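This briefing concerns strand pairing and charged side-chain contacts. Please consult the sequence and structure shown below alongside the points that follow.

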Amino acid sequence: MLTSSASSGIFRDARHHYRLLPTPSATPLHNKLSRHAERYHRPEVGLHVFACAIHAMSRFWSIKALSSTLYLLSSSVATIMLSLLAALALAGTALGSPVDGQQFIFDNKASSSSDWTVFKDPIKTVAIIGAGPSGLQAAAALNEHNFTIRLFDRQDSPGGNWYYQDVPCRREAYPDRPLPVAAYTPETPGNSSKLYSDGEDGLTLEDRWREHTGVSPVWDSLHTNSPAVITELTDAPYPKDSPWVISTHQIQRHVRAFASIHTLNSNDRPPSSSSAPITSYATRVELVQKTGNKWTLSLRKLQRESLHVQVSWWTEEFDAVVVATGGYDSPHVPEIRGLQEWSSAVREDGTHPVWHSQAYRKPDSLRNKNVLIVGASVSASEISRDVAPAVNQLYISIRNNTNRAAHFLNRSIRRISEDALKVADIAEFEPLPPNAVGIEGGRVRLLNGTVLTGIDEVILATGYRRSNPFLRDYLAAAVNSSRQSRLAPIISPKGLTSLHWTGHYSAPRPPMTILEESLTDAFFTFAVPDPTLALTSVRPWTLGQHQSLGFARVWAGLARIPNEKRMWEDYRGAEENKALPAFFGTYKSEFIFRQFVHWLNNEAFIHGGRLVDNWPVENREVFTYYAEKEVRNHFMLGFKTDSDKTQLTFHATQWAPGYISSTNFTEAENTPSPPGSRRHKINGEEAFWDEAVSDAVDW
């Protein structure tokens, strides 16, 4: 339902770039609009929309008499005319606006001073890379807007990180591989195919398959560290009696259900025999390059045969590309003295006693062992609780990191198993004794001088790096090494960069003087923005559908994005692009949520299309209750089974008191502009939202 707070953003001047107006207090007219909003697709709603617009503007100028007069006028004299205009606008045909699925080609003669990005060529074909929750929502939105789409994923089924497989993964490198080949080494031999036999090039068929597809890092008993209400795709809701927290297997089924609803599953076929296939699973994208006005994707697909694996290479061209692969494609190995030697140690059964947490599946192999976990972020804390009942002694090494003051990082430390012995950061893995089997006799020296002995297993829960080898031209190192590059880096050590808040590749640069502009071609080389490339950059479960709808509407001509200059004014930096997907419910993340809502609804009012709303009030109440009441106070009433109670107890230390509250939602609604400070106070403390970095940095 369209609330009064959502409606107030529809009527503002688009030239101001969707900065939120102060939400007018509730009035009978606003309430009337709210009651009728669920029927926004009906023509008579145009009357209420128009009247509310006049009323909101007049209240803003405190001209109540004018408000009442114009409202009565619109109600009594212009009802038929306004209803007709509203019907035409919402149908997407008013004043020549396109209907859903048509490409709106902006005036090619528009001057460079236009406030909006101008697309000179129609966008009809779109590639989506990645079939996790983000990619599936993007594919669904684009498909609904009648684009010709192709969805690629290197795994053989949808799910992304939530596609659980109880199989060994490709072993991580010691030290880290260079970023352009960290996840895999791209191959671009041109259009060709080849049959591989078992053992060819020293690889079994199974090894070759896993190297190509990758294996997600989730484990068998993993449960979400957030309630189900904020881990759900709207078109495939969980059953009403689902527990507070959801298992990896439930999420996997949930994501596959969403894929099936939108005919995006691995066994789905095109609607007709003449239709081109939409999905291509077990297909790895090797390279994405812009050639002329087209994006060329170099692709590599594996197909199993009885005694062989067939590998095929080919290319496809598209007008636009969505990258929805996430940031967990390359495990990170820290640089600790002696670790490389220890990583080479092998037991008599051929297994390695030192390994990355990406390979963890079940605690069985660790039973009765002495285990050292390195790291203290999400993977470390969750695995510690899973293995603690099985092991003999559990150590967990925690770095002295000032970022631990941030609430969302500190919660991982609070969630570490009570049976784990917390120890200091590691100074050195001392040299192993001669002829040692595995790491027997090994000594681990800590920074405080303590020495750990008798360790049987070392798990590196030290996070991941975003590699995306197919974007090699957009890696910061590649761009910075070329003086003549016209590309801005997307993947940098600080996270995703050069993206507008909508997710479009914006290649921002600082404002320039007239003199600097005149000297650009002669002395400076600046990147050229290309918003036909977009990356999913928000939390998929809660904001992913809004961002996906934004991609579809912009490329269909049903929504506008700013020109290059204004994109730079909107640019927030890599740090916020990195933090935004993870930390739902915070004040600033909620403000950005509302910015998407206001932008989409402004554009829908101009160009046609359905209206969207903020996160449902009932979901806010459930989430706030979970975070502030049930979890903080450990109330255990009303649970059906002991397992529900146990799951909630596990999550009882997740949230800091006062950090998540209903005011985070309501204050974001009533704030006229983005928070000016990069920090906000929580219960008298300074919470550094921008310092809440990912596992890759803060292990």
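V126 has I149 of β2 as its bridge partner. The model is a predicted one.

**Strand β2 and its neighbours**

- Strand β1 (residues 125-129) runs parallel to β2, and 5 bridges join the two.
- β2 is mostly covered, since 4 of its 5 residues are buried.

- D176 and R465 form a salt bridge in which the closest N and O atoms are 3.6 Å apart. D176 belongs to the loop between β2 (148-152) and β3 (192-197), whereas R465 is in strand β18 (residues 464-465), so this pair ties together parts of the chain that are 289 residues apart in sequence.
- D176 is partly exposed, its relative accessible area being 21%.
- E187 forms a salt bridge with R300, with 3.0 Å between the closest N and O atoms. E187 lies in the loop between β2 and β3 and R300 in strand β6 (residues 294-304); the pair therefore ties together parts that are 113 residues apart in sequence.

**A salt bridge between sequence neighbours**

- E172 and R171 form a salt bridge, the closest N and O atoms being 3.5 Å apart.
- E172 counts as buried because its relative accessible area is 7%, under the 20% cut-off.
- R171, at 25% relative accessibility, is partly exposed.

**Salt bridges in the whole structure**

- A search of the whole structure finds 23 salt bridges, among them the pairs D176 with R465 and E187 with R300.
- Four side chains, those of E428, E430, R443 and R445, are linked in a network of salt bridges.
- As a general principle, side chains of opposite charge can pair when their charged atoms come close.

Definitions and conventions: Residues are numbered from 1 along each chain as its sequence is written. This is a predicted model: local features need pLDDT of at least 70, side-chain atom pairs count only at pLDDT 80 or more; totals for chains, interfaces and linings use all residues. Side-chain values use heavy atoms; hydrogens and water are left out. Buried means under 20% relative accessible area, exposed over 50%, partly exposed in between (1.4 Å probe, protein chains only). Two strands pair if DSSP finds at least two bridges between them.
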